[in-house]
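Me: Please show me the structure, and then let us go through it by question and answer.

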Amino acid sequence: MSSKRQSVLPRVQSGPKAPVNFSSSIIIADSALLTGNHTINISSETVVHPRAKLDSSNGRITIGRRCIVHERASIGAASSDPTPSESRDGVMIHDYVTIDTHAVIESGGTLIEEGCHVGVGCRVGKGAKLGRHCTLTPQSVIQPHEQVPDFTVIYSNGIRRADKRGVAELKNKAQARQIEVLKRLIPSNPTKFQ
């Protein structure tokens, strides 16, 4: 008899193994979930935490340099919006973006520009476009096809304001330092997904 405790929950169906294109310097936990039919591209020094889900069933996923995808974040989720997408891209995430825990990024021409921070439990709808260095506070919702201007802070109650702090470069440097720490903390196994 095995000493390992068996789960009473059914196994999660992971779907088809997604084709991937990784940089050699990414950090991806072996318990991350990558599924789908379209290519998942991840650029250099990006970190994908354990149990993060990248689903390319509804379109290609491209993640830029020095991004962080936290635990239980879902990128490429199916949208409840029935209108067809005009883009072949599912989700395009530019450099220095942070996707926090339990955030959902719907697939269908969704674009997140450089330096954005998507907070805990946020939902970004299909075809939405977030401008450069936007901040979504926890539980914020961006509607499908909504366009958010550069340097906008969005609160969960819908209130918005311009971010005039001028700290974009400092945020990028802090993100690079955080990635250096995560390299030592997260055991990476990119060959599992190739």
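**Contacts and cores**

Me: Which residues is valine 118 in contact with, leaving aside its neighbours within four places in sequence?
Reply: Contact means heavy atoms within 4.5 Å. With neighbours within four places in sequence left aside, valine 118 has these partners: Thr98, Ile99, Asp100, Ala103, Ile105, Ile112, Val124, Leu130 and Leu136.

Me: What kind of model is this, and how are its residues numbered?
Reply: This is a predicted model, in which local features need pLDDT of at least 70 and side-chain atom pairs count only at pLDDT 80 or more, while totals for chains, interfaces and linings use all residues. Side-chain values use heavy atoms, with hydrogens and water left out, and residues are numbered from 1 along each chain as its sequence is written.

Me: Which residues touch the most other members of the largest nonpolar core?
Reply: A nonpolar core is a set of buried Ala, Val, Leu, Ile, Met, Phe, Trp, Tyr and Cys residues joined through side-chain atoms within 4.5 Å. Buried means under 20% relative accessible area, exposed means over 50%, and partly exposed is in between (1.4 Å probe, protein chains only). The largest such core has 36 residues, and those touching the most other members are Ile75, Ile99 and Val118.

Me: Which elements give two or more residues to this core?
Reply: Strands (E, at least two residues) and helices (H or I, at least four) are DSSP runs, numbered from the N terminus. The elements giving two or more residues to this core are strand E4 (40-42), strand E7 (60-63) and strand E10 (89-93).

Me: How many residues are in the other core, which lies apart from it?
Reply: Among the members of this other core are Ile27, Ala29, Ile68 and Ile179. Its residues number seven.

Me: Is isoleucine 68 buried or exposed?
Reply: Isoleucine 68 has its place in strand E8. Its contacts, leaving aside neighbours within four places in sequence, include Val47, Val97, Ile179 and Leu182. Because its relative accessibility is 0%, isoleucine 68 counts as buried.

**Sheets**

Me: Which residue in E11 is the bridge partner of isoleucine 68?
Reply: Two strands pair if DSSP finds at least two bridges between them. Strand E8 (residues 68-69) and strand E11 (residues 98-99) are joined by two bridges in the parallel sense. In E11, isoleucine 68 has as its bridge partner threonine 98.

Me: Why is one side of E2 and of E21 left without a neighbour in the sheet?
Reply: The open sheet of eight strands has mixed pairing and the order E2-E5-E8-E11-E14-E17-E20-E21. Strand E2 (27-28) and E21 stand at its edges, so one side of each lacks a neighbour, because each has a single partner strand.

Me: Which strands are at the edges of the open sheet of six strands?
Reply: That sheet has parallel pairing, in the order E3-E6-E9-E12-E15-E18. Each edge strand pairs on one side only, and the two are E3 and strand E18 (141-142).

Me: At what distance does the side chain of threonine 46 reach the backbone oxygen of glycine 64?
Reply: Threonine 46 has its place in the loop between E4 and strand E5 (47-48), and at 0% relative accessibility it counts as buried. Its side chain reaches the backbone oxygen of glycine 64 at 2.6 Å.

Terms used
Polar contact = N/O pair within 3.5 Å; in protein donor to acceptor, adjacent residues only side chain to side chain.
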